[in-house]
Amino acid sequence: MNWIKLSTYEDLDRIKEESKSQPVVIFKHSTRCSISSMALNRLERSWSPEEMTEVKAYYLDLISYRDISNQISSEFNIRHESPQVLIVKNGEVIYDNSHMGINYDDIKEATKS
């Protein structure tokens, strides 16, 4: 899976703009958490580039970029969780889930709607 690194406020602005023309997935990962590593691994193993050609996928290391994670919570008015997956369309979060609720099929379905 080819993640795009999310590490600046400008990246977050770009995501909101890109989401106007295509769905954007953000995966917020805690590099210190085994559950987060397991969720990331499950998602990466399931991800099909052929099925998700129209979706951009961003990865946030929230230990290194906690301020960006806080900004995501504030701008999108969502509770911070880790691990957490968000889908952004038209500048708004249309789907979020965390921990063992992170599921490729649900993400795929939400990006199609």
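This is a predicted model: local features need pLDDT of at least 70, side-chain atom pairs count only at pLDDT 80 or more; totals for chains, interfaces and linings use all residues.

User: What is the volume of the largest pocket, and which residues line it?

Analyst: The general idea is that rolling a probe the size of a water molecule over the atoms shows where empty space is left. In this structure the largest pocket has a volume of about 160 Å³, and its lining is formed by M1, N2, W47, P49, M52, T53, V55 and A57. By class, that lining divides into six nonpolar and two polar residues, with no charged ones.

User: How many salt bridges does the structure hold?

Analyst: Side chains of opposite charge can pair when their charged atoms come close. The structure holds six salt bridges, one of which joins D11 to R14 with the closest N and O atoms 2.4 Å apart. Because D11 and R14 are three residues apart in helix α1 (residues 9–18), about one helical turn separates them. D11 counts as buried, since its relative accessibility is 8%, whereas R14, at 37%, is partly exposed.

User: Which parts of the chain does the pair of K56 and E18 link?

Analyst: K56 and E18 meet through their side chains in a salt bridge at 3.0 Å, N to O, and this pair links distant parts of the chain, with K56 in strand β3 (residues 56–61) and E18 in helix α1, 38 residues apart. K56 counts as partly exposed because its relative accessibility is 27%, while E18, at 13%, counts as buried.

Notes
Residues are numbered from 1 along each chain as its sequence is written. Side-chain values use heavy atoms; hydrogens and water are left out. On a 1 Å grid over the protein atoms alone, a cavity is a set of points where a 1.4 Å probe fits but cannot get out, and a pocket is an open set with protein on both sides within 12 Å along at least five of seven lines; lining residues have an atom within 4 Å of a point. Grid points are joined across faces, edges and corners, and a volume is the space filled by probe spheres set on the points. Ala, Val, Leu, Ile, Met, Phe, Trp, Tyr, Cys and Pro count as nonpolar, Asp, Glu, Lys and Arg as charged, and the others, Gly among them, as polar. A salt bridge is a side-chain nitrogen of Lys or Arg within 4 Å of a carboxyl oxygen of Asp or Glu. Helices (H or I, at least four residues) and strands (E, at least two) are DSSP runs, numbered from the N terminus. Buried means under 20% relative accessible area, exposed over 50%, partly exposed in between (1.4 Å probe, protein chains only).
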